Amino acid sequence: MKKPLSLIAVTALAGQMAYASDHRDAPATQMDPMSDIGDSFMFEGAQTGGLTMAYTLNPLSGSGAPGTKASDEIRLDPERIYMFKLDTNDDALADIAYKIRVFDLEDDSQKQRLEMLRAEGRDAQSHEWVGEMVGEGFTTALNAPLEVTHGDNGELLFVGPRRDPFFFNFTSVQAPAAQAIKQALAGGDHLPSAPTSLGAFGVTDMTLIVLEIPELADQTLNYWAVVADSLGHSVDRMGRAGVQGIFFVDPPVGYNKWHYLPVESNGHHYDTVGAFNDAYNAAGPDQGLEDFGAQFRFSFERLEVLTDDIEEHVTFYAPDMLRWDPSLDPGYPNGRSFAEDAIYWTIKDVNPFMYEDTDSFLPRTSDQDLNPDHFPYAAPSINQAWKPGLPVEPVAPIYMD
């Protein structure tokens with residue numbers, strides 16, 4: 001049994017909900033939106049029946065928020081390596097990795113040429129550009145024809161602007177958090193924050209990378225996303241939803257900062273939450289328990305989780321990998337589709353006695369215009385252009401047949 005969150009802890013949690021997934025989670029990624037992973041996903045894809053993994057970059061695009069770009073300007077960084085890491089034997093080290101890099105085109109400001117590697121063993125663990133070439137193609141520009149790279153092993157790869165699939169229906173969480181969350185979402189990032197599942201970040205776009213691998217749907221594994229620089233140093237990483245945005249947050253104004261700042265962890269000292277998050281992003285899941293377990297314990301103590309339950313939570317969250325087990329029903333925390341409210345699940349997990357609407361339920365599902373039957377599944381950009389007439393059709397195909 002766990003205690004309910006204290007009023008201070010819930011208010012602090014709510015005050016950070018504007019970045020409650022992984023958007024703008026650390027100083028380094030705030031300055032580098034093309035490396036800033038917002039969310040990660042994993043589910044069985046209908047196109048091939050394979051395992052589909054995805055993550056988002058360039059958070060809050062199209063919103064007009066400071067430091068963001070328009071939907072037709074966002075792209076990937078040619079100086080970065082974008083990776084899908086897969087652990088198939090539960091040692092928190094990558095056994096398989098897919099790595100992507102892009103090259104700018106002289107005659108196009110958004111569309112880029114891309115290459116994809118598949119790596120195994122030590123090459124999979126490395127963040128460097130090593131592995132076997134399995135695909136070449138192009139990214140998709142806004143309102144341009146759909147570009148899907150077909151890999152040598154039947155893989156499907158999409159990179160391009162789409163609606164941000166993240167949502168958290170804050171109207172379902174009642175006193176004392178509901179009003180604070182609403183204020184944080186409306187004022188923290190200056191976005192509209194309508195009281196719907198679509199309104200959490202306003203209606204915004206991100207760069208979406210989607211990879212579907214036919215051979216892996218029947219295998220139990222762990223997945224996380226990594227963005228690395230050209231030297232192979234991790235700039236950002238993400239597995240589970242909202243780990244940094246919920247558990248490692250700046251002290252709310254007016255509260256004792258020592259209730260929030262990172263603790264000494266495995267001989268390392270961090271003066272700010274930002275410095276801790278930068279170090280967290282540079283590490284890997286295999287370092288989760290040893291290097292960051294103390295901060296997880298501290299965070300759970302602050303959230304008033306009972307002592308007997310803390311280690312179970314630390315073991316679950318600290319490796320920060322999204323798990324897929326084909327023998328279980330899909331649905332977070334077993335994978336995560338574009339439609340799931342994983343933040344709601346996480347808050348309920350650490351505080352099952354929070355007050356909520358009587359009609360609340362799990363899994364909660366998005367009301368975005370997703371297409372779960374056709375790759376790449378995600379909703380079109382907020383600035384998608386449509387042909388006149390009925391039914392409305394996009395100016396270029398946005399899903400595979």
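A residue is called buried here when its relative accessible area is under 20%. With that cut-off in mind, and remembering that this is a predicted model, begin by selecting helix H6, residues 273-282. Which residues of H6 are buried? They are Val 273, Gly 274, Phe 276, Asn 277, Tyr 280 and Asn 281. If you now look down the axis of H6, you will find that these buried residues fall within an arc of 155°, so they line one face of the helix.

Next, select the five strands that form an open sheet, which you can follow in the order E1-E2-E9-E8-E7, with antiparallel pairing. At its edges lie strand E1 (40-44) and strand E7 (149-150), each of which pairs on one side only. Within the sheet, pick out strand E8 (residues 156-163) and strand E9 (residues 205-213), which run antiparallel and are joined by eight bridges.

Finally, select helix H8 (residues 307-317) together with helix H9 (residues 342-350), whose axes are 12 Å apart and pack at an angle of about 155°. Angles over 145 degrees count as roughly antiparallel, and H8 and H9 are therefore roughly antiparallel to each other. Show the side chains where they meet: His 313, Phe 316 and Tyr 317 in H8 are in contact with Trp 345, Thr 346, Asp 349 and Val 350 in H9. The residues of this contact divide into four nonpolar, two polar and one charged.

Key. Residues are numbered from 1 along each chain as its sequence is written. This is a predicted model: local features need pLDDT of at least 70, side-chain atom pairs count only at pLDDT 80 or more; totals for chains, interfaces and linings use all residues. Side-chain values use heavy atoms; hydrogens and water are left out. Axes are lines fitted to C-alpha atoms, for helices over the stretch in contact, and angles run from 0 to 180 degrees between N-to-C directions. Helices (H or I, at least four residues) and strands (E, at least two) are DSSP runs, numbered from the N terminus. Angles under 35 degrees count as roughly parallel, over 145 as roughly antiparallel, 65 to 115 as roughly perpendicular and the rest as oblique. Contact means heavy atoms within 4.5 Å. Ala, Val, Leu, Ile, Met, Phe, Trp, Tyr, Cys and Pro count as nonpolar, Asp, Glu, Lys and Arg as charged, and the others, Gly among them, as polar. Two strands pair if DSSP finds at least two bridges between them. Buried means under 20% relative accessible area, exposed over 50%, partly exposed in between (1.4 Å probe, protein chains only). The arc is that of the directions from the helix axis to the C-beta atoms.
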